[in-house]
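Work through the exercises below with the structure open. Try each task before reading its solution.

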Amino acid sequence: MKDTFKHQGLRNRLVSVLKTKGVTDHAVLSAIREIPRHLFMDASFEDYAYQDIAFPIGAKQTISQPYTVGFQSQLLAIKPGEKILEIGTGSGYQTSILIHLGALVYTIERQQELFKKTQSLLPKLGFKPKYSCFGDGYKGLTQFSPFDKIIVTCGAPEVPKALLAQLQIGGKMVIPVGDKEQMMTLITRKSAKLFDKQLIEKCAFVPMLKDKSLKNFS
Ligand code: SAH
């Protein structure tokens, strides 16, 4: 699949839509303007790529809605060179936006099929995460911690303690918290023991699932 002028035009239009919804960070908008989202989806669905909607990507998962990707990225106020942990690689689109923003991205995906897909897709598109793995996001990546920022792209029933522990002091985590419906939550680590929590807005994500060895795997 190619990236054409038509796709570019559709992206410009998508950026205008996201601005009206409150995504105003220039670096984030320019990442969305430049990265061909349709290449992260099945070719037969490319017509949907530049609508502001989430869309199935296989393994019962979805590529996040562009607004959500933009809004979560904006909340983290990413600076080039920052170390970011992403939970839920999915299609790799959000991963690529973070890399475009200059972040060093460490990303975890729990569905092997999706992990394998992004392992081959991202380098082809010129995006290289610092580290990507098939694993359980509830555990984070202790060996690479602390992280300046953490982004969780699936709905977590509660904030995983392991992730709080892996956040740098002064660092931020954006995480949708809740079961069926979630609250976008921004956590700032003020000190070793003090975390500031801001509830931002309601949202809906696919669930953050437990380790595959546990009973409720689906
Ligand atoms: N950022 C992705 C969003 C994908 S949807 C994108 O824009 O494409 C959320 C992803 O989180 C799914 O791929 C799902 O498999 C993954 N996920 C769910 N629970 C997880 C866990 N415990 N650890 C890692 N990934 C998980």
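**Exercise 1.** In this predicted model, determine how helix H2 and helix H4 are oriented to each other.

Solution. Step 1: locate the helices; H2 covers residues 26–34 and H4 covers residues 93–100. Step 2: take the two values that describe the pair. The axes of H2 and H4 come within 9 Å and cross at roughly 125°. Step 3: classify the angle. An angle over 145 degrees would count as roughly antiparallel and one of 65 to 115 as roughly perpendicular, with the rest between them oblique. H2 and H4 are therefore oblique to each other.

**Exercise 2.** Which residues of H2 and H4 meet, and how do they divide by type?

Solution. Step 1: on the H2 side, list Ser30, Ala31, Ile32 and Glu34. Step 2: on the H4 side, list Tyr93, Ile97 and His100. Step 3: sort the residues of this contact of H2 with H4, which gives four nonpolar, two polar and one charged.

**Exercise 3.** Describe the packing of helix H1 and H2 in the same way.

Solution. Step 1: H1 spans residues 5–20, and its axis is 8 Å from that of H2, at an angle of about 150°. Step 2: because angles over 145 degrees count as roughly antiparallel, H1 is roughly antiparallel to H2. Step 3: the crossing of H1 and H2 is right-handed. Step 4: H1 contributes Gln8, Arg11, Asn12, Leu14, Val15, Leu18 and Lys19 to the contact, while H2 contributes Leu29, Ile32, Arg33 and Glu34. Step 5: by type, the residues of the contact of H1 with H2 are five nonpolar, two polar and four charged.

**Exercise 4.** Which residues come nearest to the ligand, and what polar atoms of Ser64, Gly88 and Glu109 lie by it?

Solution. Step 1: there are 26 residues around the ligand, of which Thr62, Ser91, Glu109, Gly137 and Leu209 come nearest. Step 2: a polar side-chain atom of Glu109 is 2.6 Å from a ligand oxygen atom. Step 3: turn to the backbone. A polar backbone atom of Ser64 lies 3.2 Å from an oxygen atom of the ligand, and a backbone N or O atom of Gly88 is 3.3 Å from a ligand nitrogen atom.

Note on methods:
Residues are numbered from 1 along each chain as its sequence is written. This is a predicted model: local features need pLDDT of at least 70, side-chain atom pairs count only at pLDDT 80 or more; totals for chains, interfaces and linings use all residues. Side-chain values use heavy atoms; hydrogens and water are left out. Axes are lines fitted to C-alpha atoms, for helices over the stretch in contact, and angles run from 0 to 180 degrees between N-to-C directions. Helices (H or I, at least four residues) and strands (E, at least two) are DSSP runs, numbered from the N terminus. Angles under 35 degrees count as roughly parallel, over 145 as roughly antiparallel, 65 to 115 as roughly perpendicular and the rest as oblique. Contact means heavy atoms within 4.5 Å. Ala, Val, Leu, Ile, Met, Phe, Trp, Tyr, Cys and Pro count as nonpolar, Asp, Glu, Lys and Arg as charged, and the others, Gly among them, as polar. A residue is near a molecule or strand if one of its heavy atoms lies within 4 Å of it. A polar contact is a pair of N or O atoms within 3.5 Å; within protein, one must be able to donate a hydrogen and the other to accept it, and residues adjacent in sequence count only if both atoms are side-chain atoms. A crossing is left-handed if the near helix is turned anticlockwise from the far one by less than a right angle, and right-handed if clockwise.
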